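The entries follow the order in which I looked things up.

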Amino acid sequence: MSTENLLKVSPTKRILGRVAPENFIGRSDHLREITALAPSTSRRRGLLVHAAPAAGASELLRQAYDKLFQQHGGASPIYFAFTRQEQTVTAAARRFLHTFLSQLIAHRRNEPSFVNAPPSLRDLIDLADPADYEWVERLVMTFERARVGSDELALVRLCFSAPALAASRGARCVIIIDEIQNIEKLTGEVELGNEIAQVSMHADVPFVLCGLRRGLLDELSGGNAPHRFEGFGTIHLENLKEADARTLVERLADTERVALSDETRDLIVQLFNGSPFYIASFMYAAHRDNASLTSFLDCQKIYVDEILGGRINRRFNSILEELTPSVTTRRSLVRLLHDAATNAGGKSPVEAWRRRLELEPDELYPLMFALHVRELASFNATFMEISTESLWRDYLRASYRLQVATEPRALVVADTLVETLKRAPQTMARHYRRAAALGLLELLAQFDEQQVAASLLHYDRFSRIYHGIEPEEIEPGLDAETDLIRLPQIVHAASCASFHPPMLLVCDEERCAVAHGFDAMPYTDSNEVVWLAVEIDSKQEAGRAVTEVWCDRLTQVGYSCGFKRFKLWLVAPEGFSAEASELLNERNAFSSSRKQLELLTARLSPEVTDGREAAGIDAPDEFEMVIPMGSDTELIAAHTVEQIARRLDFPAEAINQIKHALIEACINAAEHSLSPDRKIYQRFRLESDKLVVTVSSRGIIVPSPTNAVTNGTEAREEKNGRRGWGLKLIRTLMDEVEFERVDDGTRLRMTKYLHR
Amino acid sequence: MVDSHDRSPVRSERSGDIGVIYASDYLNKLSGERIERECRAHLSAGCRALVVDFKNTGLVNSIGVSIMLGVIDAAERARAPLVFSNVNDQAAQLFELLGLMRHAALAKDESAALAMLTEVNLQPSLSVLVGELT
């Protein structure tokens, strides 16, 4: 390979990748797994990539292709995707061979232009490296003869055996085959998925086989017994994790020059559930419209545009068009999907589908299966359950109103915008609640017969022993305890709502968990146990009434699910009152506070992480400060405001009042917002006759479903309780106090006048 | 990082039948709980009255104050008079606002508090003490 050729590809040059490598976020491990197949010493024979819809699997493979292409002298990458447009198995096989040869020669000649504009097969013979010329020519000639013959199987095998032939002649490749779910609708005598599976398992060439996770293995089995794919690794490609999705939004905003705020960034992540495809579509739309994304309204406008006419709309449209080419059937399908989505539980019987779509079983079942594979619905033998993904549901609702109910477009746009805008704060609130949840499910999943101090699961004991004790003194105390509890070995843990959907009416999904396990060996009926755990929403020690309600609820779940033996575990952030503890002991239930849970978590998994960023300063008479919540950091704020107030010559008493008001405001922010970054943002503005202090934190204060249901009980307990005085104090200590409503919650503004 | 327990920890001592608890420089949840713990310990050990001294306390917050109500409850249940001493003006204002002063007496300093408790001869009824002192 000449030096001239080496210079043709710069390290960052994109060939198939549609996203700049620096904007390709959160997939470095997967990229490494794929590129690690290139060396002939690779331990793996290949990879199966089970992809969630719109999780960016194709882009992952394209980025992997570009990386491999740049490793000159190594294995040649070949990327081939089955398309929705292709009709027959033989057409797909022919295109595979053409793609294979053009990409192989492109890599070996370092001529990336061949990848996107492939020369003809005849031309490829001439362009082949001298070392490859002979076998390429022979392969093309054989192919020319086979394509005019009638032996479809021979043609398919010839095309897909080309990589093995190349390898035997010293041209090692990595074969990446994408969108395998599209094989399903190819017509022909040959079961193509099965052929590909056979080739990938037996050729001495690494294969990456990628498709939608609900259909990949079915397609590759082609109706035969499932293949074992020995020596293959597996990648489960999900949407991006939240931190990665946030980074993606920021990078795209930067690249596309779209103004963004932290609040809207987080909303975008939630709107699209971390899907890189949808996030990118959304950000490109904002760029196209020259829109800024600094308020929830900005975001929802673009969202509605995308649902009703942008790339997101086209994606869903093209899926429905592909599944139901007939316009009439498609309208019926939209009506049916919409109706099912509005049913309780989003379910409708298969029989209703058959009658309403007027399709024969051989047309109906592939349609239902295709919806299932694309995760727009779940096909459960006797009924279809429509996906609860809000993006899909918003699209369905709008499509139904436009195409079936033929409502005016302006009305649909306006209604959708208003509805989604109203939903945005709830979406964020849900996210914050989820982020603030104590992680019962994850903790239960770690139970594996460890022995822990009994006080960790009995709040009354813990409180009696450790109340007011230094945190660092608690650990040795726990170590010294002789009364120990052996945790069960948990074999399956899931949200309570997965077992008993009505729980969603009274509790966030992540706050109630059901864990199946064994509290002793061997695995026998008598040792089988189910733990039912719930995190109660309570700012102070949970009282007896609330505790009783939750004991009853969990017991009811246990009975209605038919659990033979179950244990209750109630968790309240501040623990339980003496009366509640008495009840818990009567019910033989476990109880823990947030502190106990933290200690238990630390004992079961000692790694804990955290970390975020800060803000800047603007006007000369304005000061800004960001402090982390907790660890008495409100004292730092109080000392700072003291120095600032001195500049305006406030008297000592007024300074003291400001300090105390600020302390209360910080405590209030920490206690009452489900803050994702655990930071308190403060602004101090000096004016000629006053000091204005603004305290805000990210996170929305909304009543949770738990509160809504237990309201009466909690109100009674609050009356007797001794918390919630902060605001009252602030109002007394400062001259003016007001709440400012912002997209992402409330902001407290306090003013103290110099002379009043 | 400011960390209250590194600065002025809660201490306590006993003066005859009276337990004297010295609050730290910031009355918050943790230091409040420590005071509460100390108070309960003194009551369990047979003290018949309590003094909580706030000489070192510059700042208080509402959670810390709310825990003081727990101290008041404990003292009432034990029929032990309770006096807060050395409370600065700001803290006194907050105690007043949050209703603590209805249940506890204030003294200028520790010796005044001890004198008060000696004068009333450790009357068992807190209300009697509060009544006598106000």
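Which residues in α2(B) meet which residues in α3(B)? I found that Lys29(B), Gly32(B), Glu33(B), Ile35(B), Glu36(B), Cys39(B), Arg40(B) and Leu43(B) in α2(B) meet Ile63(B), Gly64(B), Ile67(B), Met68(B), Gly70(B), Val71(B), Ala74(B), Ala75(B) and Arg77(B) in α3(B), contact meaning heavy atoms within 4.5 Å. By class, I noted nine nonpolar, three polar and five charged residues in this contact, where Ala, Val, Leu, Ile, Met, Phe, Trp, Tyr, Cys and Pro count as nonpolar, Asp, Glu, Lys and Arg as charged, and the others, Gly among them, as polar.

I noted for the record that this is a predicted model, in which local features need pLDDT of at least 70, side-chain atom pairs count only at pLDDT 80 or more, and totals for chains, interfaces and linings use all residues. Residues are numbered from 1 along each chain as its sequence is written, chains are lettered from A and ligands numbered from 1 in the order in which they are written, and side-chain values use heavy atoms, with hydrogens and water left out.

I then looked up the axes of α2 (residues 29–44) and α3 (residues 62–77) of chain B, which come within 8 Å and cross at roughly 10°; axes are lines fitted to C-alpha atoms, for helices over the stretch in contact, and angles run from 0 to 180 degrees between N-to-C directions. The two helices, α2(B) and α3(B), are therefore roughly parallel to each other, a term for angles under 35 degrees.

Turning to strands, I recorded that Leu50(B) has Leu82(B) in β6(B) as its bridge partner.

Key. Helices (H or I, at least four residues) and strands (E, at least two) are DSSP runs, numbered from the N terminus. Angles under 35 degrees count as roughly parallel, over 145 as roughly antiparallel, 65 to 115 as roughly perpendicular and the rest as oblique. Two strands pair if DSSP finds at least two bridges between them.
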